[in-house]
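Subject: Structure handover

Hello,

Here is the structure we talked about. Please open it alongside this message; my notes follow below.

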Amino acid sequence: MNYTAKLDDALTRLHDEGRYRTFIDIERKKGQFPHASWRKADGTEQPITVWCGNDYLGMGQHPVVLQAMHESIDATGAGSGGTRNISGTTVYHKRLEAELADLHGKEAALVFSSAYIANDATLSTLPKLFPGLIIYSDELNHASMIEGIKRNGGAKRIFRHNDTAHLRELLEADDPRAPKLIAFESVYSMDGDFGPIEALCDLADEFNALTYLDEVHAVGMYGPRGGGVAERDRLSHRIDIINGTLGKAFGVFGGYIAASEKMCDAIRSYAPGFIFTTSLPPAVAAGAAASIAHLKTDHALREKHQTQARILKTRLKGMGLPIIDHGSHIVPVIVGDPKHTKQLSDMLLEGYGIYVQPINFPTVPRGTERLRFTPSPVHGPDEMDRLVRALDELWSRCALNRQELSA
């Protein structure tokens, strides 16, 4: 076996298909986001505007967050020094979990090193707690949910995206005595559409199933206090386990679940992904707790975020660009070809100082390759004007389709 040749073959396939992913070396400027510097391979720098970040509200630069992190570093130093079970639980971790439990109206919360790990560890552990568990998963659930469900060794059923009728068929076909769990998302990040949370909860009640909701792309941004779409729709009490992230709207790092005290205690006690992982640095936990506490009352920031998204979508629709609009804050512009998508991304970066990463297969289905924009409250009118003009010019220069897609 020529291992090097095999690696060359695998990488060449990605290059040939236009799916090879490149890292863009970015230096964020404190207090200036979304403005940043692109450090090129030749050692030069170019100022850019980031249009594809997940720091949706700019909280990664917020003074409240930075102050909390500085104070924690001054008080405790850098790392936590251990796993949660062995010297890695501090007052900052407990404070963060209390903020999260309160945010979602749950008895408890459990912090992980990422939302990916939280999904993977929790979903792979649940069959240990409920022998014979059948998990019903939306076909467009995030890779972390899929991986956790695959690894748990239990039964799984995949229902068509947001198709409650199909889910009902699957539930009716299984043993009514078997323990069941329905796993879904509130905002699906590639198209920006919403899950039918209430209808899924109704089915869970009817078939005595647990509910598992991924709110990663919604926490901080929806609901009166930023508790997500379930809070906005007054459905949080009907969700058994809520998964969220600290690395997007909250602007820091990490992931979590919020649930009953017994559920969190059981996951804490049985999930290897939690037990054997060093806990978050205290400064990260302190910054996340400060961000959550602030966003519980900063309604204006959430409203400005939604306004910016509406403005961008309206302007792009007015130019006939093929966007998908499901009413969320995510703005996908469909290109439909991986090489063209990468070319547009490169042209925006090099010619206009606009950074948006191409989204290709397997993240999205072939033929739906796209540029995904994430407007935020810190993207001002000038940044928006430059983006709209650049897209208009490039769409004409590349003779791309301007037919608008319906939601």
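Helices (H or I, at least four residues) and strands (E, at least two) are DSSP runs, numbered from the N terminus. Please keep in mind that this is a predicted model.

**Salt bridges**

The count comes to 27 salt bridges.

Start with Arg366 and Glu17. Their closest N and O atoms are 3.7 Å apart, and a salt bridge needs them within 4 Å. Arg366 sits in the loop between β15 (358–359) and β16 (370–373), and Glu17 in the loop between α1 (3–16) and β1 (26–28), so this pair ties together parts that are 349 residues apart in sequence. Arg366 is exposed, at 52% relative accessibility. Glu17 is partly exposed, at 29%.

Next, Glu206 and Arg168. Their side chains form a salt bridge at 2.6 Å, N to O. Glu206 belongs to helix α7 (residues 197–206) and Arg168 to helix α6 (residues 164–173), so the bridge ties together parts 38 residues apart in sequence. Arg168 is partly exposed, with a relative accessible area of 29%.

Helix α7 also holds Asp202, which pairs with Arg238. Here the closest N and O atoms are 2.8 Å apart. Arg238 lies in the loop between α8 (229–232) and β11 (241–245), 36 residues from Asp202. Asp202 is partly exposed, at 39% relative accessibility.

Glu99, Asp102, Arg225, Glu231 and Lys296 are joined by salt bridges that share partners.

**Cysteines**

How many disulfides are there? The count comes to zero. Two cysteines show why. The cut-off for a disulfide is a pair of sulfur atoms within 2.5 Å. For Cys201, the closest cysteine sulfur is in Cys264, 18 Å away, which is too far for a bond. For Cys398, the closest is in Cys52, at 19 Å, again too far for a bond. Is Cys201 buried or exposed? Cys201 is buried, at 1% relative accessibility. Cys398 is partly exposed, at 26%.

**Nonpolar cores**

In soluble globular proteins, nonpolar side chains tend to be buried together. In this model, the largest nonpolar core has 55 residues. Leu96, Ile182 and Leu246 have the most contacts inside this core. Helix α11 (residues 282–295) gives the largest share, seven residues.

Leaving out residues up to four places away in sequence, Leu246 touches residues including Leu96, Leu100, Val111, Phe253, Tyr256, Leu280, Ala288 and Ile292. Among its other contacts are Gly251, Gly254 and Gly255.

A second, separate core has 32 residues. Trp51, Cys52, Ile354 and Tyr355 are among them.

**Strand β13**

Strand β13 (residues 331–334) is covered on both faces. Val331 and Val333 are buried on one side, and Pro332 and Ile334 are buried on the other. β13 pairs with β16 in the antiparallel sense, over four bridges. Ile334 stands opposite Arg370 of β16.

**Backbone points to check**

Most residues other than glycine have a negative phi, and most peptide bonds are trans.

- Pro34 is in the loop between β1 and β2 (35–39).
- Pro362 is in the loop between β15 and β16.
- Ser87 lies in the loop between α2 (63–76) and α3 (91–104). Ser87 is exposed, with a relative accessible area of 53%.
- Ala399 falls in the segment after α14 (381–397). Ala399 is exposed, at 69% relative accessibility.

Best wishes

Definitions and conventions: Residues numbered from 1 in each chain as written. Predicted model: local features only at pLDDT ≥ 70, side-chain atom pairs only at ≥ 80, totals over all residues. Heavy atoms only, no water. Buried < 20%, exposed > 50% of the residue type's maximum accessible area, 1.4 Å probe, protein only. Core = buried A, V, L, I, M, F, W, Y, C linked by side-chain atoms within 4.5 Å. Contact = heavy atoms within 4.5 Å. Pairing = 2+ DSSP bridges.
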